[in-house]
Amino acid sequence: MSKKNEVFFNIDSKILFELGEKLVINRAVALVELVKNSYDADATKVTIQMKDVKKQGGTIIIKDNGRGMSLSRFKETWMRIATTEKEKNPISKKYKRRKAGEKGIGRFACRRLSNKLVLKTISKIGKRNKEELNAVFNWPKFTPGTDVNEVPIEYTIKRTDKGEIGTTLILENTRDSWSWRDINKLREELTSLVSPTTLKEKRINKKIDPGFNIEFDLPEFESKTKPLDKTFFINAWAKLFGHIDKNGITEYKIEVIKKIENKIKKTFKRKERFKNLKNVNFQIHIFVYSSEFFKDSEWALSKARQISTEKGGIKVYADSFRIFGYGESGDDWLKIDRDRARSRTVVDKEVSIFAKEAKRPGLHLFRNQALFGHVLFSKEDNPKLEISINRERLIKNKAFEELKQFVRLGIDFATILYANEIVQKEKKKKEKKRKEGEKVQEEVKEEIHKIEELIKKSKEKIIKAKKRVKKIEEKIKRIEGDKKELEKTHIKLGEKLLNVSSPKYKNKIKDILQEEQKNLKLEKGLREEEKKARKELEKIQDESENIILNSIKESIVATEKLEEIYRQEVVQEKEEIKHIMILAATGTLILIFGHEIIAFITNIEELIKKISPLLQKPKKIKEETIKELEKYMKELKIKKEMMKEMGSLIGLISSRESRLERKEWVLLPIVKEVFKPFREYLKETIGIKYEFSIHKALRTPEMHRSEIFSILHNLLTNSVKALKEVEKRKIEVRALENNKNVCILFLDTGIGVKKERREKVFEMFESTSEPDMEFGVGTGLGLYLIREITRSYGGDVKFIDAPKGWKTCVEIILPKDVKK
């Protein structure tokens, strides 16, 4: 007969490695777990001090003013792995806080950071006495193969009347070095650790919770960064609130801070209830990075943009403590940047009723960096929102999907209202331009009318002057006739006087001479009057001519003013289109670049996970493991080179020369620059062969280099996506020229485009490509922009029948005689 026996589990010391180094990879998360313990202990302040950490072997000190630990609590909680104490007592004693720490990870996070931990804690015993406990943890003693409960921890206990109540953790012989970048990231993550609402004083059971503050003492890394405060947030366009009550009913409210057109204050209640969420809130400040919003602000627009890149995003908090991973730079947990990249024009149907002005409100969707906010929920009310074991994400389930829908619906609501404002502003702008145009037209008409009146009056003056001159001339002519008669009489009298000497004739002659003298005087007066009249006539004619000339000049100026208004409007529209084209090319590349960075970081993390266990036992590295590591290193090198080339290409496209200078460019080097960032990916990863049949001296017509980049980059991304569907993968770029045109042919062996769709695909937002992990999601703008660019130069682009051996051929015609 067999005997019944009992056996018990033993815990290997390797569990500390699993709970420390392997589970908590992020050093900030490791510190966060320790800070949470201070919060749970009703501390109001915790100080993080770092000494000599620029290299390994430094010291990190975490000191709080909480209630400390007694010996019994130390044994029952700190020294017990996976204790249920916080499940049994979820609320703190003094300030009635819901405890944030879970699963006892905090103490093992110490192992992630250093090789040795010195714990000093002072607690209150009874009403007046205090007890000081000191314990030392030498983590290297916990070697795999030994039982955890077999490794002794030395401690001392004594009564004391010195020192403040609280706990100090001294992490000696740090395992990693810390750089400026590491410290800045740590500051940012710990500063945002506690939700903004937690820092406010709360009155609970007649006691005031003064809040929880984290302070830094980092003499090696002094910070000059100005914290974000009210002076920054008052520059936001609006503040958005969201609330789910205890029954799952949702309400959104938006309050405009700096109006565009209207000082909006609007609410929206969702008809359908959330089934897996209750008592969830969010608060988001929405920024528009335009000079009008930062006018007279303490924060310069350029600085605000920089801050948006570093700190923008929507963070998530569970019981007032942040869940890392959400709202960080590059994170897109709400799919905002993804939808922006796709130029998604629609928004959630539930809020589409607010789209009164904007027909395509989705085009105005805010980017992540424009949103500064936090989502706050309680784990007690939302048990289905589960935090992953490494404390960095929420587990993906229905509750998490509802959380995303809750926040995103609010953002869509705000987007529509913003889009309405922008459309209204543009309408007013156009209406203002129209009125200005009409005003100028009226001014021109008025000027023309004035000119006509001036000409009319001038003509009347000239006619009157001519009539007056004519009368004077007739009078002068009559006087001249009378003068001739007098002269004849004078001659006859003179002849008689030569033969007559009698006195009686002398009186008669005297009368005749007097009469003649009178006529001569009259003639002289008439001639003076004639001279004066003619002078007046000349003056009137000169004045009339000047009036006419000045009026014509004023009319020309008014007409030119009108033409300038129309010309500026057309130029502005062209510049806006050109700017959109450049942004489309650069923006798509930046999205790919961003994806590559994330992939690069992921690969590094995978490599760290592979290497870290091996470093524990370097002599036992297997040959196949080495080969696997070499494979990872090769992939990292490819990613590194790809990112460097993409960064260079982005610089070329967005440079001032590329955007503003128009000239004839040598085509072949530009084609090579476009393909260069992807050469390893195309050849090594997905097996696409490519070649160029372009003469090295062939030049484009006069155009912007960014436009050539845009054309080629869009065609390349389309081809790559099409080629992934087939086995034979090949691309060729050809170029030729004649006296009139430069012709570029872009060929591939992909899936092709059906003839009936060859024109349709050039329409805006018409995309046939599937989402691609390397080249992003099709926006439906690529081919449209190519056609806009080519036609703006008098050229065109179209799909033509592909030569034998090819499936797709895009023909681009660019006239050499550019008229733009």
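Analyst: Starting with the helices, α14 crosses α16 in a right-handed sense. Keep in mind that this is a predicted model.

User: What angle do α14 and α16 pack at, and how far apart are the axes?

Analyst: The angle between α14 (residues 667–675) and α16 (residues 705–723) is about 50°, and the axes are 10 Å apart. That angle makes α14 oblique to α16.

User: Which residues meet there?

Analyst: From α14 they are Leu 667, Ile 670, Val 671, Glu 673, Val 674 and Phe 675. On the α16 side they are Arg 705, Ile 708, Phe 709, Leu 712, His 713 and Leu 716. By class, the contact of α14 with α16 has nine nonpolar residues, one polar and two charged.

User: OK, now α16 and α17. At what angle do they cross?

Analyst: Roughly 150°, with the axes of α16 and α17 (residues 782–792) coming within 9 Å. Over 145 degrees counts as roughly antiparallel, so α16 is roughly antiparallel to α17.

User: Left-handed or right-handed?

Analyst: The crossing of α16 past α17 is left-handed. α16 contributes Glu 707, Ser 710, Ile 711, Asn 714, Leu 715 and Asn 718, while α17 contributes Gly 782, Leu 783, Ile 786, Ile 789 and Thr 790.

User: How many polar residues in that contact of α16 with α17?

Analyst: Five are polar, alongside five nonpolar and one charged.

User: Switching to the other end. How do α2 and α6 pack?

Analyst: α2 (residues 27–40) and α6 (residues 180–191) have axes 10 Å apart and an angle of about 40°. The two are therefore oblique to each other, and their crossing is right-handed.

User: And what makes the contact between α2 and α6?

Analyst: Arg 27, Ala 28, Leu 31 and Val 32 of α2, against Asp 182, Leu 186, Glu 189 and Leu 190 of α6. The contact of α2 with α6 divides into five nonpolar and three charged residues, with no polar ones.

User: Which residues form an aromatic cluster?

Analyst: One cluster consists of Phe 232, Phe 233, Phe 287, Tyr 289, Phe 294, Trp 299 and Phe 372.

User: What about charges over rings? Where does Arg 270 lie?

Analyst: Arg 270 is over the face of Phe 274, 4.2 Å from the ring centre. Another case is Arg 787, whose charged end sits over the ring of Phe 762 at 4.0 Å from the centre.

Terms used:
Residues numbered from 1 in each chain as written. Predicted model: local features only at pLDDT ≥ 70, side-chain atom pairs only at ≥ 80, totals over all residues. Heavy atoms only, no water. Phe/Tyr/Trp six-rings, centres within 6.5 Å; stacked < 30°, edge-to-face > 60°. Lys NZ or Arg CZ within 6 Å of the ring centre and 35° of its normal. Axes fitted to C-alpha atoms, helices over the stretch in contact; angles between N-to-C directions. Helix = DSSP H or I, 4+ residues; strand = E, 2+ residues; numbered from the N terminus. Parallel < 35°, antiparallel > 145°, perpendicular 65-115°, else oblique. Left-handed = near helix turned anticlockwise from the far one by under 90°. Contact = heavy atoms within 4.5 Å. Nonpolar A, V, L, I, M, F, W, Y, C, P; charged D, E, K, R; others polar.
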